[in-house]
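Dear colleague,

I am handing over the structure below, and after it I set out what was found. Please keep it open while you read.

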Amino acid sequence: MRRKIHRFCGIALSACLLLGACITPALTGDAADKLSGNVAEETTATRNEKVSRNDLEPASETDLLSEETGDKTGELTGQEEAGSTPKDGKTTPETETKDDPVVNEGETDDNETVEDEDITKASEEETEPEELKENSFRYQNGELISEPQVLSRASYPYAWQKVNGKYMNSIGQVIEGATKKGIDVSHHQGVIDWEKVKKDGIDFAIIRCGYGGDYQSYDDRYWIRNVTECERLGIPYGVYLYSYSENIEDAKSEAAHALRLLKGHKPAYGIYYDLEDENTTGRVSNTTIGTIAKTFCDQLSSAGYKVGIYASKYWWTERLTSSVFKNEKWSKWVAQYNTSCTYEGSYDIWQCTSTGSVAGINGAVDLNFWMGDPQNSNTSTSIDRNIISSAGHVQTDGWTASVQNGDQIGVTGQSKRLEAFQIKIGNGYGDLGIRYASFVEDQGWQAYVTSGKTSGTTGESKAVQAVKIQLTGSKASNYDVYYRAHVQTYGWLGWTKNGAAAGTTGYEKRMEALQVMILPKGAAAPGALSNAYKEKALTKGIGYEAHMQTYCWLGEVANGATGGITGQSKRMEALQINLEYPQYSGDVSYRAYVQNTGWQGWVKNGATAGTTGKNLQMEAVQIKLTGKMAEKYDIYYRVHTQTYGWLGWTKNGASAGTNGYNKRIEGIQIRLVAKGGAAPGSTSGAYKDRSKTTNVVYQAHMQTYCWLGEVMNGATGGVTGQYKRMEALKISLENKKYSGGIQYRAHLQTTGWQGWKSNGEMAGTTGQSRQMEAIQIKLTGKMAEKYDIYYRAHVQTYGWLGWTKNGAKAGTEGLSKRMEGIQIQLVEKGGAAPGSTSGSFKEKEKPQNIVYQAHMQTYCWLGEVMNGATGGVTGQYKRMEALKIKIQNPKYSGGVQYRAHLQTTGWQGWKSNGEMAGTTGQYRRMEAVQIKLTGKMAEKYDIYYRAHVQTYGWLGWTKNGAKAGTEGMSKRMEGIQIQLVEKGKPGPSSGQTAFRTK
């Protein structure tokens, strides 16, 4: 009966609205405020108590049970703003009170009539729902709670940022397992500058699409802008909907709401159901919450979306206890505003704070971390059929009809070759592009073509045998392109992606069909990724045999294996290479660059290049194919050389090794690759020609041995392992490409640092038996703009220290350790260091001191004192007039600041790091002082100080910027004591007052 009355009231309300009567304020204005006042006050107090907890958890289960069965007025107040009855059947306090018995789903009131239902429907169609207001651990009546959050804004300067590759929490601890940093946003953040957000280290965003049931007025008013900007800028995003569900019908309407807003969008992260509202969902049983969640998630999953649940840690442990939340396919997003997430179950996202600061967002924003494997962060598996269209040119059939994303191009089961294909990106995908290449029968790899153009051949009866496909443009980072080939004899091979080869080369097998599928970045592959490409080597491939110092001819190796011996300092003297059972006509030809001889003539097919019995080293090699073999294959090779190790790969007759450096070849690797295929490895630096290379050349003068021979480019200068001191060093640049030169200086035993030397001059001494202990080296002029110069020292006791560069110190100072060796290397500007840069210089630790000096009446400037000693003069009635303070050998960044209170003038401005506070020549007394530390020093130390004052003598100690002395009493300072104390340790104490004022 009460429902009838409420529905009748709803009809009356609608009629009044139509007539222009304004009765709504009677229900939602002052009267509502009065009705809700006491309850709102109580609710706010309770919420404040909850927010103060580490993870902002709501009240206990007992509290919830008492709320669930207690005063119903509080429930009404919580939804006062909701207003009318939505179309999904959800009711609000204006149309139904909680005093009514709960009507189970599917049941109706026996007293209700069909006429009543018709009237209700009419009322629903004519009434627009009012704005809902969030009420949870984060919101109060739709406003974000502003109470401070535990440790969310600590003093750690890099809170929630990445430091040395690891994300840090608010107290400087590593967030274990965090791999990506994101934000979640709604209309509360206003207009966001997403370009700035992207540049500020944000890897993903979760965007609120709306809240409550399927009404346009419940859409988040910044949803369209936020999702459009993320898609434009390529920011991976997910979506969430804030729930007010109390039953299945509510959940269905909220699912429909999300699906409506998701049309045309492909979120890379999951669709999250936000369960936190205390005044709606929070009032129903845990079992009902499970049913609500399953209803929503099932509808989203059925539409092809990966789903997840957002809730606070408290809700995850106390409210979300239904078995449905154990569904491993549902992603978990846990909110706990703390230094770590203490939720014991598995979860994907941790919301760590709501007071984050991100460029491009005015005010605070929620920060989140993706926990675990970043590859699993892509949670959308829906397939966009329109993103590409494709067609194939098939033997006897010609061009096939166009097909869509994921469909087969070509035909299977008819033994027809695929001769060409086209792929085109659909409209509406920004600058997303695609390029693709074919390996064609008797032609090898063709050049890449782009969207809509033909790859392969038509009219030539030639089969496509392999393909490579890549996405291009700024949007390419949002997708993976998967593809697989159907091949003669083998059928469907495995899937591959993003530019890798699919199909076969060298087997003369036709491709018959191709399947291409573009998926959101990181989505699961459409099938197995193994065996996507078959590359046929020759029957035994390319075989080769090396003649080595000491060992003579070694056994034959093949197809990329190492010929020769590395790690034993043995020279390669000769080489034989064979094509064994070649598939096509042609030869392998090769020649050697031999010590003292230069390039020999070409030989082929197993003949000897190099020499035997002459003890001459091979220093470089050239290898090439001829005939049909050269059309079908590239021949790649690389050499292992003295000093440099493995150089880069080169191919088809280019030089590999060195020229002019007198460096032996020690090993070789050779491989055949189908024409146009990828190199086996890096192709950088395959050949070093001294006449064409900028070199750094250096020569060491060593104990016993005097001047050794020149070495260069990272080789060891000096002698290690024989306990010999380096006494002098010369360094020069050879074949400079740019203007400028090289400068260097040595730190010598007993003498210290010498002056700078340059361009081959001697640094150090000879004939004085004095050891070099450290070195500095730097480039000048244009050379310094184009190169970094790296170097490291081999030092007595320590061995090789780390690499350093560009004038920094290498070696030791104050430890009396001799340098025994050095390595120096030029690296193009910004290139990687040759090795570890850790610990390149060691020195005897110098003590840290707080040093101060007083200017006194009669005596002027006194000598410096430190660490608690008395500065000034006591017992002689002399005024202190000025003061200087500094930190000597500080262990951390930062410094010291101070200021003086002067006779007649008062407080001066702050001085720092040895500057003068006070005056000289004006006969004005200092009466008080303030001293404080800055920077990292302030984090690590307290600075204590006290003043000796006329009449009172020594006053008490104070610290960190507090006042010491007197003010307004015309009392002179006569002395001062200052002391540094490590943070957290007790400081000096006298039990007296540090500062007196009139």
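Predicted model: local features only at pLDDT ≥ 70, side-chain atom pairs only at ≥ 80, totals over all residues.

Residues are numbered from 1 along each chain as its sequence is written, and side-chain values use heavy atoms, with hydrogens and water left out.

Helix 9 covers residues 248–262, and at its start a side-chain oxygen of Asn247 comes to within 3.1 Å of the backbone nitrogen of Glu249. Several residues of this helix are buried, among them Ile248, Ala251, His257 and Leu262, where buried means under 20% relative accessible area, exposed over 50%, and partly exposed in between (1.4 Å probe, protein chains only).

Turning to charged pairs, the count comes to 31 salt bridges, a salt bridge being a side-chain nitrogen of Lys or Arg within 4 Å of a carboxyl oxygen of Asp or Glu. One of them joins Asp480 and Lys521 (2.8 Å, N to O), and this pair links distant parts of the chain, 41 residues apart, with Asp480 in strand 23 and Lys521 in the loop between strand 27 and strand 28. Asp480 is buried at 2% relative accessibility, whereas Lys521 is partly exposed at 35%.

Best wishes

Terms used: Helix = DSSP H or I, 4+ residues; strand = E, 2+ residues; numbered from the N terminus. Expected span 1.5 Å × (residues − 1). Polar contact = N/O pair within 3.5 Å; in protein donor to acceptor, adjacent residues only side chain to side chain.
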